[in-house]
Amino acid sequence: KAAPHPSQELSRPFCAGCGVGGAGRKCPCMAAMYCSKECQKGDWVSHRGTCTFDLIRKAQTGPGMWKEDAAAGNAACKIGRLFIDQDRLREAEAWTEEALRIYRAVCGESDGNVAAALGNLGEIYQQQGRVAESLAPPCLNLSATGFEALRKG
């Protein structure tokens, strides 16, 4: 395969590891591009905390995850927040709703984590143009089965 023309290299994404243009290797989270496997490995320490792919994988296999505990709520909330920051609002909504469901079950309606999750949902709805819902998010009662369908969808 012929190398791309230099003008094409500049129009392609920059490597998150070394900054060179023409990065064609994408992290499975879709938030970072790399020019090589070596750059991807070298950038892992920096990228790890924001890699939704890695966080989701850990959440699905970690001890006590996706049960009724605050750690699961915190993980779901963090993943939702990262998806908001990446402008992946459908995924952000699903993960934030899951965090809200867990927080309500574990901590109760008056907990600060419930308020934070509702604030994140309001932000998501506002960015989606759902103004009425952004002002007063509906009381969500999303079952785990419903969440799985949205997350995989």
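Modeller: Start with the angle terms: under 35 degrees counts as roughly parallel, over 145 as roughly antiparallel, 65 to 115 as roughly perpendicular, and the rest as oblique. Axes are lines fitted to C-alpha atoms, for helices over the stretch in contact, and angles run from 0 to 180 degrees between N-to-C directions. This is a predicted model: local features need pLDDT of at least 70, side-chain atom pairs count only at pLDDT 80 or more, and totals for chains, interfaces and linings use all residues. Residues are numbered from 1 along each chain as its sequence is written, and side-chain values use heavy atoms, with hydrogens and water left out.

Colleague: Why are α5 and α6 called roughly antiparallel?

Modeller: Their angle is about 160°, with the axes 8 Å apart. The cut-off is over 145 degrees. α5 and α6 are therefore roughly antiparallel. The crossing is left-handed, a term for a near helix turned anticlockwise from the far one by less than a right angle; clockwise would be right-handed.

Colleague: Which residues make that contact in α5 and α6?

Modeller: Contact means heavy atoms within 4.5 Å. On the α5 side, Ala 70, Gly 73, Cys 77 and Phe 83 are among them. On the α6 side, they include Leu 89, Trp 95, Ile 102 and Val 106. By class, the contact has 14 nonpolar, 4 polar and 2 charged residues. Ala, Val, Leu, Ile, Met, Phe, Trp, Tyr, Cys and Pro count as nonpolar, Asp, Glu, Lys and Arg as charged, and the others, Gly among them, as polar.

Colleague: What makes α6 and α7 roughly antiparallel?

Modeller: Their axes come within 9 Å and cross at roughly 160°. That makes α6 roughly antiparallel to α7. The crossing of α6 and α7 is left-handed. Among the residues that meet are Leu 100, Tyr 103 and Cys 107 in α6, and Val 114, Leu 118 and Leu 121 in α7. The contact of α6 with α7 has 11 nonpolar, 4 polar and 3 charged residues.

Colleague: And α5 with α7: why are they roughly parallel?

Modeller: The axes of α5 (residues 70–85) and α7 (residues 112–127) cross at roughly 25° and come within 11 Å. That angle falls under 35 degrees, so α5 and α7 are roughly parallel. The crossing of α5 and α7 is left-handed. Asn 74, Cys 77, Arg 81 and Ile 84 of α5 make the contact with Asn 113, Asn 120, Glu 123, Ile 124 and Gln 127 of α7. By class, that gives 3 nonpolar, 4 polar and 2 charged residues.

Colleague: How do you know how many helices and strands there are?

Modeller: Helices are DSSP runs of H or I with at least four residues, strands are runs of E with at least two, and both are numbered from the N terminus. The protein comes to 9 helices and 2 strands. From the N terminus, the order is α-β-β-α-α-α-α-α-α-α-α.

Colleague: What makes Trp 95 buried?

Modeller: Buried means under 20% relative accessible area, exposed means over 50%, and partly exposed lies in between (1.4 Å probe, protein chains only). Trp 95 lies in helix α6. Its relative accessibility is 2%, so Trp 95 counts as buried. Trp 95 and Cys 77 are 18 residues apart in sequence and 6.6 Å apart in space, C-alpha to C-alpha.

Colleague: Is His 47 buried or exposed?

Modeller: His 47 has a relative accessible area of 7%, so it is buried. Its place is in helix α3 (residues 44–47). Not counting residues up to four places away in sequence, His 47 touches Cys 27, Cys 29, Ala 31, Ala 32 and Tyr 34.

Colleague: Why is Ala 31 called partly exposed?

Modeller: Ala 31 has a relative accessible area of 45%, so it is partly exposed. Ala 31 sits in the loop between β1 and β2. Leaving aside neighbours within four places in sequence, Ala 31 is in contact with His 47 and Gln 86.

Colleague: What about Asp 87: why is it called exposed?

Modeller: The relative accessible area of Asp 87 is 54%, so Asp 87 is exposed. Asp 87 is found in the loop between α5 and α6. Asp 87 also has a positive phi of about 60°, although it is not a glycine.
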